[in-house]
Amino acid sequence: MRRQILAVGLLLVLALPARAQDSQAQLRPFGRGSWQELMKAHAGRPTIVHFWGVTCGPCKVELPQLGAFMKETPGIDMVTISADFVPDLPAATRTMLERSGLAPAENWVFEGFADRLRFEIDPTWQGDIPRTLLITREGEMTTIEGAAEMADLKSWSERQLAVKR
């Protein structure tokens with residue numbers, strides 16, 4: 001009996017790190033060609049793409065709101081891209097995403113020459129964050145410069161989810 005209890009206890013202890021790791025935000029490197037890959041992967045699905053950064057004050061306020069929005073609106077794909085000017089902040093990036101409830105989202109982080117990456121996304125984008133793109137099933141994009149109003153996101157998502165395919 002004692003061996004069985006010890007065996008069960010050992011299995012539980014071994015399972016804990018796996019669970020903790022599963023809840024960590026996974027960061028995909030966003031490099032040349034990633035924008036086209038992302039657009040192809042989400043084609044035909046309403047998607048919100050949010051650009052943010054660890055050093056961005058308004059982003060710290062907006063991320064938890066987006067995390068709650070994602071939880072309440074499972075029919076909308078949520079993608080975050082850390083486009084911070086300060087490189088190599090993976091631990092801080094993961095922590096902010098996890099605390100905001102965005103760990104389950106599709107999370108990317110700029111890797112490489114940021115100006116070139118921004119140009120691939122939008123040649124007119126100067127790098128200001130936060131920046132949010134609302135992409136319809138048809139691929140039509142609406143850009144929100146600065147912090148997004150959650151009421152606007154909710155209204156947009158309701159229209160997208162009301163469309164029958």
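Is Arg-32 buried or exposed? I looked this up first in the model, which is predicted. Arg-32 has a relative accessibility of 63%, so it counts as exposed.

**Salt bridges**

I counted seven salt bridges. In one of them, Arg-32 meets Glu-120, with N and O 3.9 Å apart. The two residues are 88 places apart in the chain: Glu-120 is in helix H5, and Arg-32 is in the loop between E1 and helix H2 (34-41). Glu-120 is partly exposed because its relative accessibility is 22%.

I then checked Arg-118, which bridges to Asp-115 with the closest N and O atoms 2.0 Å apart. Both lie in helix H5, three residues apart, which means about one helical turn separates them. Arg-118 is buried at 5% relative accessibility, while Asp-115 is partly exposed at 42%. I also noted a network of salt bridges with shared partners, made up of Arg-28, Glu-37 and Glu-106.

**Nonpolar cores**

I looked next at the largest nonpolar core, which has 23 residues. Trp-52 is one of the members that touch the most others. Helix H3 (57-72) is among the elements that supply at least two residues, and H3 gives the largest share, five. A separate core has 16 residues, including Trp-108 and Leu-133.

I listed the contacts of Trp-52 beyond four places in sequence; among them are Cys-59, Leu-63, Met-96 and Ile-129.

**Other entries**

I found that Ile-129 is joined to Pro-130 by a cis peptide bond, with omega about 5°. Pro-130 sits in the loop between helix H5 (114-121) and strand E5 (131-135).

I searched the whole structure for aromatic pairs and found five. Trp-108 belongs to an aromatic cluster with Phe-30, Trp-35, Phe-51, Phe-110 and Trp-125.

Terms used:
Residues are numbered from 1 along each chain as its sequence is written. This is a predicted model: local features need pLDDT of at least 70, side-chain atom pairs count only at pLDDT 80 or more; totals for chains, interfaces and linings use all residues. Side-chain values use heavy atoms; hydrogens and water are left out. Rings of Phe, Tyr and Trp (its six-membered ring) pair if their centres lie within 6.5 Å; planes under 30 degrees apart count as stacked, over 60 as edge-to-face and the rest as tilted. Helices (H or I, at least four residues) and strands (E, at least two) are DSSP runs, numbered from the N terminus. A nonpolar core is a set of buried Ala, Val, Leu, Ile, Met, Phe, Trp, Tyr and Cys residues joined through side-chain atoms within 4.5 Å. Buried means under 20% relative accessible area, exposed over 50%, partly exposed in between (1.4 Å probe, protein chains only). Contact means heavy atoms within 4.5 Å. A salt bridge is a side-chain nitrogen of Lys or Arg within 4 Å of a carboxyl oxygen of Asp or Glu.
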